[in-house]
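Open the model in a viewer and keep the selection tool at hand. The stops below follow one another, each with something to select and something to look at.

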Amino acid sequence: MPWVPDLFNARFIADLARRQATDHIAAVPYFDGILAGAPDALLRSFTGEPELHHPVRGRIKGRDAFTRYALDTADHLRRANADVEAVALIVTPTRTVEEVVLRYEADRGKVELPIAIVTDRDRDGLHELRIYHSTWPITGAHANRPPLLQPGPDVHAGDAVGGYQHALAAGDVAATVAAFEPDGIVREPAGGAYTHTGADELTQLYTLFFSNGGGIPLEHCSVTDDGHACALEYNVTRWGTTDLPPEAGVAVYTRGGSGRLASARIYDDTDPPL
């Protein structure tokens, strides 16, 4: 991606100021802020001490730590000739979920990394950012990601999203596939070639997923829903008959014309016991 720091920085700061003034700060794309190389502008978007949870870097809290992280990340992305593709954005009064695909050059070749950024916020600004992605596209291996949130007894997804969760937990292939539109799409955390479309491919996928003696029950931690798409933050604790160390993740489900799921995009780093 061409890098024009002065122009990009000026555009970003002006856009951030406009959004702050009009209560649209949640729509400021995360990577735009990082690549602008303007950590002070990002810091002002938080209501208090900035806090970010990163799959590799861990918990980043405080102005100094966040500033170092932002500048180091911008430098790495520039040197890696990174390109950011916007995928989708969910905005509600208390939370924003942004999805992108990050492409960059690495020693092992071109990396294509699906990323979800969840931001807790209110009218005054941001409170906390949680970034989700798999390490598989980066290293060829999975890394355990301990929970970021705890499950809540009142956290429930409705309609087709809830139906899909029940079928997933039960290990019911037919019901899981039936939750999707006929041309429904499931993208696994590794992205790219790990995308499955249509009833036949989804049947093959979930037959494999449920081949360890059962389904995949998730602990539901937060639901962010704008009517068109629903993001569910969760913990994976069991896969079939195998108990797993609790692992954090998020999935984004979009609804189709019939009300069934048009797509599911998954962001976690679980190593399936298959």
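Buried here means under 20% relative accessible area, exposed over 50%, and partly exposed in between, with a 1.4 Å probe and protein chains only. This is a predicted model, in which local features need pLDDT of at least 70, side-chain atom pairs count only at pLDDT 80 or more, and totals for chains, interfaces and linings use all residues. Residues are numbered from 1 along each chain as its sequence is written, and side-chain values use heavy atoms, with hydrogens and water left out.

**Helix 8**

Select residues 198–209, which form helix 8. Helices (H or I, at least four residues) and strands (E, at least two) are DSSP runs, numbered from the N terminus.

Now colour Gly-198, Leu-202, Leu-205, Tyr-206 and Phe-209, the buried residues of helix 8. Looking down the helix axis, these fall within an arc of 90 degrees, so they line one face; the arc is that of the directions from the axis to the C-beta atoms. On the face turned away from the buried side, pick out the exposed Asp-200 and Gln-204.

Next, show what covers the buried residues: helix 6 (159–170), helix 7 (173–178), strand 7 (180–187), strand 8 (195–197) and strand 10 (229–239) are included.

**The largest nonpolar core**

Select Tyr-164, Phe-180, Val-186, Tyr-206 and Tyr-253, which have the most contacts inside the largest nonpolar core, a set of 27 residues. Such a core is a set of buried Ala, Val, Leu, Ile, Met, Phe, Trp, Tyr and Cys residues joined through side-chain atoms within 4.5 Å. Strand 10 gives the largest share, five residues.

Centre on Val-186. Beyond its neighbours within four places in sequence, Val-186 is in contact (heavy atoms within 4.5 Å) with residues including Leu-202, Leu-205 and Tyr-206. A second, separate core of 26 residues includes Tyr-30, Tyr-69, Leu-77 and Leu-129.

**Two threonines**

Go to Thr-254 in strand 11. Thr-254 counts as buried because its relative accessibility is 10%. Its side chain makes a polar contact with that of Ser-263 at 2.4 Å; a polar contact is a pair of N or O atoms within 3.5 Å, where within protein one must be able to donate a hydrogen and the other to accept it, and residues adjacent in sequence count only if both atoms are side-chain atoms.

Finish at Thr-270, in the segment after strand 12. At 5% relative accessibility, Thr-270 counts as buried.

Notes: The expected span of a helix is 1.5 Å times one less than its number of residues.
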